[in-house]
Amino acid sequence: PPLPSTHLPLKVAPPQQYDGAMDKADIFINQLILYFMGRNITNDHDKVICALSYMQQGSAARWARGVTQAIEGIPREQVEWKVFLKEFKEYFGDPNPQATAQFKISSLKQGSHTAEEFVSSFRELARDTGYNDVALVEKFKHRLNSSLVDKIYALPEMPTNLEGWISWACKLDR
């Protein structure tokens, strides 16, 4: 006979309270999805109610109040997570994430950060810019500390792509 399951419930951090900030909208949704998965929340109505319960500050609280009033009188099975998510993204989401990422990557500088810290921030933005590898290499070189760029230029064989630049920047910064 199979052994009894000793699988304990997954400990998942609850989402942080959401205040309506556009730059935190995707993070909030990601936190919710992880929370739903960890807590095995699969019902659309329960997902929406849970999400609304973490929207108690700023413009998110006002929006949540309106949504709560709208769903209060309808049957549970008519509340759809997809509809909630679409309306949430229309209201709080970035209308042009590519342009935002392009602006942020152009403003990014290594400064006093390690190459690894800089690379982490750079990669996070790079995937949303729509830039190809050649353009990303140019952005990377111009945002990296000049002393590190000089060390890479002094190599016997220059890196030819972004991953090469990243690899050498991290190695030479140590």
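Trainee: How do the axes of helix α6 and helix α9 cross?
Mentor: In this predicted model, the axes of α6 (residues 115-129) and α9 (residues 162-173) come within 9 Å and cross at roughly 155°. Axes are lines fitted to C-alpha atoms, for helices over the stretch in contact, with angles from 0 to 180 degrees between N-to-C directions. Helices are DSSP runs (H or I, at least four residues), numbered from the N terminus.

Trainee: Is that roughly parallel or roughly antiparallel?
Mentor: α6 is roughly antiparallel to α9, a label for angles over 145 degrees.

Trainee: Which residues make the contact?
Mentor: On α6 they are A115, E116, V119, F122 and R123, and on α9 they are L162, E163, I166, A169, C170 and D173. Contact means heavy atoms within 4.5 Å.

Trainee: What about C170, buried or exposed?
Mentor: C170 is buried, at 11% relative accessibility. Buried means under 20% relative accessible area and exposed over 50%, with partly exposed in between (1.4 Å probe, protein chains only). C50 is buried too, with a relative accessible area of 11%.

Trainee: How many disulfides are there?
Mentor: The search of the whole structure finds 0; a disulfide here is a pair of cysteine sulfur atoms within 2.5 Å.

Trainee: New topic: where does N40 lie?
Mentor: N40 is in the loop between α1 (25-39) and α2 (44-53). N40 isn't a glycine, yet it has a positive phi of about 55°. At 60% relative accessibility, N40 is exposed.

Trainee: What should I know about the numbering and cut-offs?
Mentor: Residues are numbered from 1 along each chain as its sequence is written, and side-chain values use heavy atoms, leaving out hydrogens and water. Local features need pLDDT of at least 70, side-chain atom pairs count only at pLDDT 80 or more, and totals for chains, interfaces and linings use all residues.

Key: Helices (H or I, at least four residues) and strands (E, at least two) are DSSP runs, numbered from the N terminus. Angles under 35 degrees count as roughly parallel, over 145 as roughly antiparallel, 65 to 115 as roughly perpendicular and the rest as oblique.
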